[in-house]
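Subject: Structure handover and notes

Dear colleague,

I am passing on to you the structure that we talked about, with notes on what was found in it. Please look through the sequence and the model below before you read on.

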Amino acid sequence: MDPNQPFPPHAFRRQDETSDAEFYHHPRFVTHIDDAAIAAVTQLYREFFLPNSALLDLMSSWVSHLPPEVPYRRVVGLGMNAAELRANPRLESYVVQDLNQQPALPFADGEFDGAALCVSIDYLTQPVAVLREVARVLRPGAPLVITFSNRCFPSKAIAAWHALDDRGHLALVQRFLEDAGSWQRITLLDRSPAPGRSDPLYAVVAQAGAKAILP
Ligand SMILES: C[S@@+](CC[C@H](N)C(=O)[O-])C[C@H]1O[C@@H](n2cnc3c(N)ncnc32)[C@H](O)[C@@H]1O
């Protein structure tokens with residue numbers, strides 16, 4: 001799998017093609033990366049998300065990893081499990097939506113000042129369509145912070161993810177954003193806290209591009 005070549009037809013297939021609603025039916029009140037890697041995610045949010053801004057936490061659960069000392073005007077979660085989202089203390093509101101069934105986001109153009117997508121991009125079967133939608137619901141110039149490590153639910157990750165190593169994952173996410181066409185200043189980061197001693201942590205950060213002005 002070469003992230004610079006056209007995607008082969010099987011790139012977005014998963015070992016488990018049963019419904020995501022079934023897979024995420026029971027809540028999982030666990031964390032998916034270790035504390036040091038979570039701290040690296042939180043630090044990125046500190047750097048990229050402005051206090052008092054409105055944020056969208058995509059593929060959210062019972063924790064958002066936002067810096068506890070920073071107030072935000074509004075944080076909206078979107079994920080698969082209502083019990084997890086209900087238990088998330090940072091969310092003002094939440095939406096349960098399967099992005100693999102329905103990539104269109106139920107939000108207005110420019111409604112958010114930032115978006116987060118933590119350790120979940122590998123589960124999207126239509127990542128380009130979702131990222132195009134994320135750009136639409138962000139105000140121009142707003143940041144998207146995508147983070148991931150080297151762990152996943154293997155049966156639900158797309159084949160393209162399994163075919164690549166960590167560097168390949170960074171290139172793949174960059175490619176998704178480029179194909180979505182509405183992103184600028186795409187930056188690839190290795191924020192692994194302590195190589196060999198904690199989970200690695202990689203990020204792809206981008207800014208929503210200016211919206212096209214129709215004549
Ligand atoms: C590994 S967990 C990560 C949760 C959270 N972002 C975190 O950092 O702990 C994967 C998350 O992706 C969400 N998810 C998986 N498949 C999804 C889908 N098809 N549509 C929307 N969300 C999905 C699940 O609800 C789950 O919360």
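Which elements do the buried residues of α4 pack against? Please keep in mind throughout that this is a predicted model. The buried residues of α4 pack against the strands β1, β4 (114–118), β5 (143–148), β6 (183–190) and β7 (202–208), and also against the helix α6 (166–180). Helix α4 itself runs over residues 127–137, and because eight of its 11 residues are buried, it is largely enclosed by the rest of the structure. The buried residues in question are Pro127, Val128, Val130, Leu131, Glu133, Val134, Ala135 and Val137.

The ligand and its surroundings

The ligand is surrounded by 17 residues, and the closest of them are Asp20, Met59, His65, Asp98 and Leu99. Looking at individual atoms, you will find a nitrogen atom of the ligand 2.8 Å from an N or O atom in the side chain of Asp98, while an oxygen atom of the ligand lies 3.0 Å from a polar backbone atom of Met80. An oxygen atom of the ligand is also 3.4 Å from an N or O atom in the side chain of Ser120.

The largest pocket

The largest pocket holds about 550 Å³ of space, and the elements that give two or more residues to its lining are β1 (54–58) and β2 (74–79). The lining is made up of 33 residues, among which Tyr24, His32, Met59, Ser120 and Tyr123 lie nearest the centre of the pocket. Sorted by class, this lining has 15 nonpolar, 12 polar and six charged residues.

Met59, which is named both among the residues closest to the ligand and among those nearest the centre of the largest pocket, is placed in the loop between β1 and β2. Its relative accessible area is 22%, so Met59 counts as partly exposed. The phi angle of Met59 is near 55 degrees, which is a positive value in a residue other than glycine. As background, most residues other than glycine have a negative phi. A positive phi is found for Val119 too, near 45 degrees and again in a residue other than glycine. Val119 is found in the loop between β4 and α4, and with a relative accessibility of 16% it counts as buried.

The largest cavity

How many cavities of 30 Å³ or more are there? The count comes to one cavity of 30 Å³ or more, and the space in the largest cavity is about 30 Å³. Its lining consists of Phe49, Leu55, Leu56, Asp57, Ser64, Leu66, Val75 and Ala116, and the largest share of that lining, three residues, comes from β1. By class, the residues lining the largest cavity divide into six nonpolar, one polar and one charged.

If neighbours within four places in sequence are left aside, the residues in contact with Asp199 are Ile33, Asp34, Ala37, Ser149, Arg151 and Pro193.

Ser53 is in the loop between α2 (35–48) and β1, and with a relative accessible area of 6% Ser53 is buried. Not counting residues up to four places away in sequence, Ser53 touches Tyr72, Arg73, Arg74 and Asp113.

Not counting residues up to four places away in sequence, His26 touches Asn81 and Glu84. From C-alpha to C-alpha, His26 and Pro200 are 27 Å apart in space, and they are 174 residues apart in sequence.

With kind regards

Technical notes: Residues are numbered from 1 along each chain as its sequence is written. This is a predicted model: local features need pLDDT of at least 70, side-chain atom pairs count only at pLDDT 80 or more; totals for chains, interfaces and linings use all residues. Side-chain values use heavy atoms; hydrogens and water are left out. On a 1 Å grid over the protein atoms alone, a cavity is a set of points where a 1.4 Å probe fits but cannot get out, and a pocket is an open set with protein on both sides within 12 Å along at least five of seven lines; lining residues have an atom within 4 Å of a point. Grid points are joined across faces, edges and corners, and a volume is the space filled by probe spheres set on the points. Helices (H or I, at least four residues) and strands (E, at least two) are DSSP runs, numbered from the N terminus. Ala, Val, Leu, Ile, Met, Phe, Trp, Tyr, Cys and Pro count as nonpolar, Asp, Glu, Lys and Arg as charged, and the others, Gly among them, as polar. Buried means under 20% relative accessible area, exposed over 50%, partly exposed in between (1.4 Å probe, protein chains only). Contact means heavy atoms within 4.5 Å. A residue is near a molecule or strand if one of its heavy atoms lies within 4 Å of it. A polar contact is a pair of N or O atoms within 3.5 Å; within protein, one must be able to donate a hydrogen and the other to accept it, and residues adjacent in sequence count only if both atoms are side-chain atoms.
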